[in-house]
Amino acid sequence: MSTSPEFTQIVNKDKSDNFITPLWRQRFNIFLNNKLAVASVLFLFSMIVACFLVPLLYHTNQTDQNLALSSPWNQAPSAHHWLGTDSNGFDVLGRIFFGGEYSLTLGILAGFITIIFGTIYGMIAGFFGGIVDTVLMRILDALLSIPYIFLLITMVTLFTRSTVFLILIIGLTGWWGNARIIRGDAMLIRKLEYSQASSAMGASRLHIIFRHVYPNSISNIVTVATFSVADAILYLSALGFLGLGIQPPQTDWGTMLQNGASQITNGYWWEVYPLAFFFVLVVVSINYIGDALRDVFEVRLLER
Amino acid sequence: MIAYVIRRLIQSFVVLLIVLLVTFTLPYLEPGGILAPAYIVLGTHANKVTVAQWGVQHGMNHPFFIRFWSYLTQVFLHFDLGHSFKQNMSVWQIIALYIPRTVWLALTSLLLTIFIAIPLGLVQASRRNTTFDYAATGTAFVLYAMPSFLLCILMLQTFSFGILHLPAQPPSGVAPWAMFTDPLPFVLPVACLTLLGVAGISRFMRGTVLEVLVQDYIRTAKAKGCSKRQVLFRHAFRNALGPIVTILGLSLPALFGGALIIESVFNYSGLGIQTVNAAQLLDIPTVLGITLLVSILTLMGNLLADIALGIVNPRVRVEAR
């Protein structure tokens with residue numbers, strides 16, 4: 001394609017040799033322009049790094065069940081314990097990061113498993129349509145009408161409460177809502193002109209799924225994945241709060257908050273508020289990243 | 001309309017059968033299989049022969065589908081949700097007392113959510129990008145990201161131990177409708193559940209109204225000289241109602257899930273607390289029975305929402321085939 005140099009210069013704002021900025025670059029720029037989203041990413045990243053790094057630098061005993069016998073418990077913040085100690089004598093600041101390791105890792109892993117299953121199921125239902133879609137969707141309706149927290153409680157009652165199992169159970173049961181969203185996308189894209197054209201030219205179904213349907217619904221998949229991670233973290237914390245979460249000596253944020261909640265009436269604020277602050281900020285930033293990603297994939301915002 | 005209702009009824013029934021299949025199959029997946037309760041009744045060291053005999057007595061040696069069929073007749077004809085071997089009572093006995101309490105809690109909060117979230121979303125959308133809109137959206141965003149129990153803890157700290165000194169725990173030995181005769185102790189649990197609902201629904205309402213406001217018929221309404229109020233209430237509100245009714249129906253599982261957490265925080269004896277207690281006792285039939293019951297309540301709610309949708313929006317009756 002031949003274009004006048006002036007035209008190229010007008011269209012191409014960052015003076016590269018291409019006709020227009022590559023798509024991923026445009027999207028990246030849109031994301032970078034959202035300052036709050038960038039801040040969220042930085043915060044989340046540093047929080048994950050901190051959860052693994054801080055316990056190595058700030059040495060505290062987080063596993064001794066009899067710590068309260070030798071160490072002061074329910075102690076207010078001091079130079080020795082920056083955020084005080086909890087009712088078991090554990091250092092609160094150290095424990096926030098110690099528990100965060102589990103909360104964040106489990107949330108992220110479970111979130112990713114949900115998106116894989118949701119994508120496969122949704123793609124199959126949406127792409128094939130007809131009777132396949134009807135059957136798959138009625139099954140989803142049934143599963144979605146079981147309140148999720150009740151189902152989780154049933155699962156941890158039936159099986160064990162090991163860390164791996166918790167990841168698997170949230171991962172294997174949390175994808176139903178995702179499947180519905182992705183199915184809607186697949187249905188829409190299957191009927192669009194480029195899929196129809198591809199099909200008319202003799203492309204196989206698999207080719208259409210992988211070449212057209214999947215790449216064009218990636219925006220929703222990425223967005224939904226982000227929210228899934230946030231949901232997984234929240235559900236995990238709810239289980240922890242009900243005393244059905246990770247077993248000691250490990251801990252997670254939900255279990256810690258439950259511990260703190262029973263102490264807060266005594267005025268031991270440091271056992272709840274600092275952790276609550278980090279927790280809410282983590283989930284808010286994940287959700288905000290999700291919102292920002294949705295904007296990134298909005299075609300209307302791209303230069304054409 | 002009748003055809004639509006019948007179609008939805010059949011659909012719900014099929015969905016209910018699938019839910020029943022799930023709750024029926026889950027014990028099979030348990031490490032001990034369906035004979036696990038035998039070890040509760042006969043002791044952990046019971047020998048294999050006794051366990052097998054116990055299994056035969058309770059019809060556990062029958063094939064899967066025969067057992068499923070008798071489970072169905074049990075549930076539908078005798079309203080029998082199973083037997084708790086841990087507490088040696090029928091599951092129905094354990095939960096019958098608590099259903100009204102949970103349903104009243106959930107219903108009151110749902111009604112309050114509707115009356116707060118819908119107007120709120122409408123006002124936010126009509127005054128888009130004002131300080132009020134930003135404040136409400138931001139608050140909803142934070143509430144939405146907060147674990148429900150954390151909200152309860154903060155509310156308790158503020159309004160029970162801080163200012164106002166509201167009772168922290170509703171009484172348990174009172175009639176289910178005590179919420180209306182002596183509302184003060186119930187204010188905090190209901191408020192927490194309502195806030196959780198409002199955070200989700202108002203956000204959705206705002207989005208829906210914003211989408212409606214850019215439609216052609218709104219421009220037409222403005223062009224023919226409707227006042228701002230008329231445009232908002234007669235045109236935008238009515239068209240946003242459809243999606244909102246759907247999302248209200250879909251949010252029912254979250255409502256019951258929220259009720260479970262709130263019951264545990266406020267020690268409000270309802271189905272939620274019973275579930276958590278049963279789970280800690282590893283009492284599987286009770287947990288499954290309550291889960292099934294709550295699912296049925298959700299399905300009924302969804303059905304009602306869909307019928308309501310058919311009434312407010314005639315297009316749905318034709319489209320939903």
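Student: At what angle do helix α13 and helix α14 of chain A pack, and how far apart are their axes?

Tutor: In this predicted model, helix α13 (residues 253-264) and helix α14 (residues 273-296) of chain A pack at an angle of about 145°. Their axes are 10 Å apart. As for handedness, the crossing of α13(A) and α14(A) is left-handed.

Student: Which residues of α13(A) and α14(A) meet?

Tutor: From α13(A) come A:Trp253, A:Met256, A:Leu257 and A:Ile264. They meet A:Tyr273, A:Leu275, A:Ala276, A:Phe279 and A:Val282 of α14(A). By class, the residues of this contact divide into nine nonpolar, no polar and no charged.

Student: Turning to chain B, is B:Ile95 buried or exposed?

Tutor: A residue counts as buried when its relative accessible area is under 20%. B:Ile95 has 0% relative accessibility, and therefore counts as buried. This residue lies in helix α5 (residues 91-96) of chain B.

Student: Which residues does B:Ile95 touch, sequence neighbours up to four places away not being counted?

Tutor: B:Ile95 touches B:Leu81, B:Leu271, B:Ile290 and B:Leu293.

Student: Where does B:Thr208 lie, and is B:Thr208 buried or exposed?

Tutor: B:Thr208 belongs to helix α10 (residues 187-213) of chain B. Its relative accessible area is 10%, so B:Thr208 is buried. Leaving aside neighbours within four places in sequence, B:Thr208 is in contact with B:Ala240 and B:Pro243.

Terms used. Residues numbered from 1 in each chain as written. Chains lettered and ligands numbered in written order. Predicted model: local features only at pLDDT ≥ 70, side-chain atom pairs only at ≥ 80, totals over all residues. Heavy atoms only, no water. Helix = DSSP H or I, 4+ residues; strand = E, 2+ residues; numbered from the N terminus. Buried < 20%, exposed > 50% of the residue type's maximum accessible area, 1.4 Å probe, protein only. Contact = heavy atoms within 4.5 Å. Axes fitted to C-alpha atoms, helices over the stretch in contact; angles between N-to-C directions. Left-handed = near helix turned anticlockwise from the far one by under 90°. Nonpolar A, V, L, I, M, F, W, Y, C, P; charged D, E, K, R; others polar.
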